[in-house]
Amino acid sequence: MRIRNHTLAAAVAAAATAGLALTGTLTPAGAATAPRPVPSDFNGDGYADLAVGVPDAAVGGKARAGYVNIVWGGRNGVGSHGSIRISQATAEVPGTPEAGDRFGASVALTDTSGDGIADLLVGAPGEDVTGRGADAGAVAVVGGAKGGPGPGANVLIGPSASSAYGWSVAAADLTGDGSRDIVIGGRDKVVLRTADGILTTVLATPMGGRAPIMTTGDFTADGTADLALAYWTVDAPYTQSHVRLWAWDAAEQRMANTWNTDNAAASALAAGDFDGDGNDDLALGECREIADENIDDPCGPEEFAKGGGIHVHYGTAEPYGFGRRAQTLNQDTVGVYGRAETGDRFGAALAVADINGDGRDDLIAGAPGEAIGTRAGAGAATLLLGGGTGLVDAYGEGHSVAYNQNTPRIPGAAEAGDAFGAAVATGDYDHDGSQDLTVGSPGENASSGGVWVLPSASVNGSHAFTPAKLGLPAPSTALTYGKTLSSH
């Protein structure tokens with residue numbers, strides 16, 4: 001049985017305190033015909049919502065204290081039905097806003113309590129913790145509820161100064177007990193907290209001063225989710241780059257490393273079934289070789305690295321068969337819109353959904369460095385369609401749809417530095433049965449930022465919302481709104 005995945009360029013956590021149990025969604029006996037819960041429905045109205053992390057925002061005069069903007073889905077789609085702000089000044093949220101907390105640096109909407117309503121999971125890597133030091137970091141969960149946020153609690157706080165817990169987090173049933181476990185990325189460290197409270201280190205190694213990149217999927221085809229982890233360094237203290245898979249070892253009560261590809265530097269990871277065979281595949285976004293010598297072509301043929309390549313390792317039902325088949329594509333691949341140019345950052349953000357309803361997942365790739373005409377860094381997003389052989393067909397061609405702010409019927413205009421495509425997310429925001437696409441453009445309006453909505457991933461009916469349109473406070477510093485998105 002294939003496990004649907006949530007790709008989180010962002011923090012996912014769950015609390016075992018304050019009544020927020022780490023359990024999966026439960027189906028009561030006799031309720032087989034009940035409507036299926038919407039994974040990112042935070043207010044229980046049946047529509048998917050969107051979480052926008054705004055960690056650079058001031059709260060109560062505290063610079064970069066940060067907040068999360070929950071933008072409501074509804075009949076007319078996300079961005080047309082208002083929003084709320086959640087910060088450490090919100091009554092249900094633990095802590096108080098402090099300068100540099102960066103609450104909202106990573107966010108996710110997912111049901112951690114099993115009540116059918118999504119909860120908000122949020123990282124604050126700049127949180128100072130008494131007795132532990134500055135920037136220890138914290139991850140919190142705020143319960144979703146009809147009529148407003150439910151109670152919140154800290155899930156885990158960093159053990160010492162500069163731990164930066166909450167830079168990145170992933171959530172899934174990694175132990176196979178039916179409950180949701182959490183993986184938290186901090187500075188040079190990744191830790192696992194299981195639903196029953198086991199805390200163990202997954203990996204501690206130099207990671208170049210960047211957030212570990214994580215997603216989850218059943219890559220071993222055993223019915224239980226695994227963890228995919230990417231990190232890389234350049235002379236810090238040495239050059240290394242890795243993408244690794246980890247699975248729960250029940251006997252040892254820890255995560256075990258099961259698969260590696262070395263010398264591969266990825267900016268994003270995404271899991272999905274791109275060839276429709278029922279097995280999870282792993283996409284490496286903006287994959288490039290950074291080691292001193294090429295050992296195993298970890299990102300595929302060198303010609304596909306220019307501008308950012310997407311390298312896909314395919315899953316299989318065969319034991320230890322993951323990754324034996326791989327594909328690589330970039331904007332020079334036939335059928336993929338655009339042209340590969342240095343600095344495009346193709347694949348720097350990834351999201352997965354079956355957009356066209358053919359039973360195969362499709363991949364949305366952001367390219368925030370893409371030049372549109374002479375406008376450097378205006379940015380673009382590309383929908384790459386899955387097929388019988390994956391994202392590349394038997395003829396070596398891709399099939400794609402491209403979006404930017406100069407695309408007809410998409411509002412706005414491509415401008416230098418907009419960084420359209422810096423974040424991408426999907427969800428059925430208007431509840432019409434098809435997945436919609438949201439694209440962040442944090443450089444819009446002098447880095448105030450904005451989010452573009454494409455219903456059913458179509459330009460028809462597309463619209464945008466900005467902090468000003470939503471009535472958010474207008475700060476003197478840039479919000480970079482749209483840099484961090486999460487929904488499903």
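**Rings, a disulfide and a cis proline**

Hi everyone, let me start with one side chain: Trp259 is buried, with a relative accessible area of 17%. Buried here means under 20% relative accessible area, exposed means over 50%, and partly exposed is in between, with a 1.4 Å probe and protein chains only.

Before going on, please keep in mind that this is a predicted model, where local features need pLDDT of at least 70, side-chain atom pairs count only at pLDDT 80 or more, and totals for chains, interfaces and linings use all residues. Residues are numbered from 1 along each chain as its sequence is written, and side-chain values use heavy atoms, with hydrogens and water left out.

Now to the rings. Rings of Phe, Tyr and Trp (its six-membered ring) pair if their centres lie within 6.5 Å; planes under 30 degrees apart are stacked, over 60 edge-to-face, and the rest tilted. That rule gives 5 aromatic pairs. One of them is the stacked pair of Phe42 and Trp72, at 6.4 Å centre to centre and 20° between the planes. Phe42 lies in the segment before strand E1 (50–54) and Trp72 in the loop between strand E2 (67–71) and strand E3 (83–86), so this pair ties together parts that are 30 residues apart in sequence. By the way, helices (H or I, at least four residues) and strands (E, at least two) are DSSP runs, numbered from the N terminus. Both Phe42 and Trp72 are buried.

And what about the rings of Trp259 and Phe322? Their centres are 5.1 Å apart and their planes at 85°, so that pair is edge-to-face. Trp259 sits in strand E15 (residues 254–262) and Phe322 in the loop between strand E19 (309–313) and strand E20 (326–329), so distant parts of the chain, 63 residues apart, are linked. Phe322 is buried too, at 8% relative accessibility. Together with Phe219, Trp259 and Phe322 form one aromatic cluster.

Some rings also carry a charge over them, meaning NZ of Lys or CZ of Arg within 6 Å of the ring centre and within 35 degrees of the ring normal. Arg210 has its charged end over the ring of Trp232, 3.6 Å from the centre. Arg85 does this with Tyr67, at 5.5 Å.

On to the backbone. Most residues other than glycine have a negative phi, and most peptide bonds are trans. Here, though, Ala236 and Pro237 are joined by a cis peptide bond, with omega about 0°. Pro237 is in the loop between strand E13 (226–233) and strand E14 (240–249). Asp135, not a glycine, has a positive phi of about 60°, and it counts as partly exposed at 32% relative accessibility.

How many disulfides are there? There is 1, counting cysteine sulfur atoms within 2.5 Å. It joins Cys287 to Cys299, S to S 1.9 Å, and with -65° about the S-S bond the link is left-handed. Cys287 lies in strand E18 (residues 281–289) and Cys299 in the loop between E18 and E19, so the pair ties together parts 12 residues apart in sequence. Both cysteines, Cys287 and Cys299, are buried.

Finally, the whole chain. It has 2 helices and 29 strands. Of its 488 residues, 59% count as buried. Along its principal axes, the C-alpha trace spans about 55 × 55 × 55 Å.
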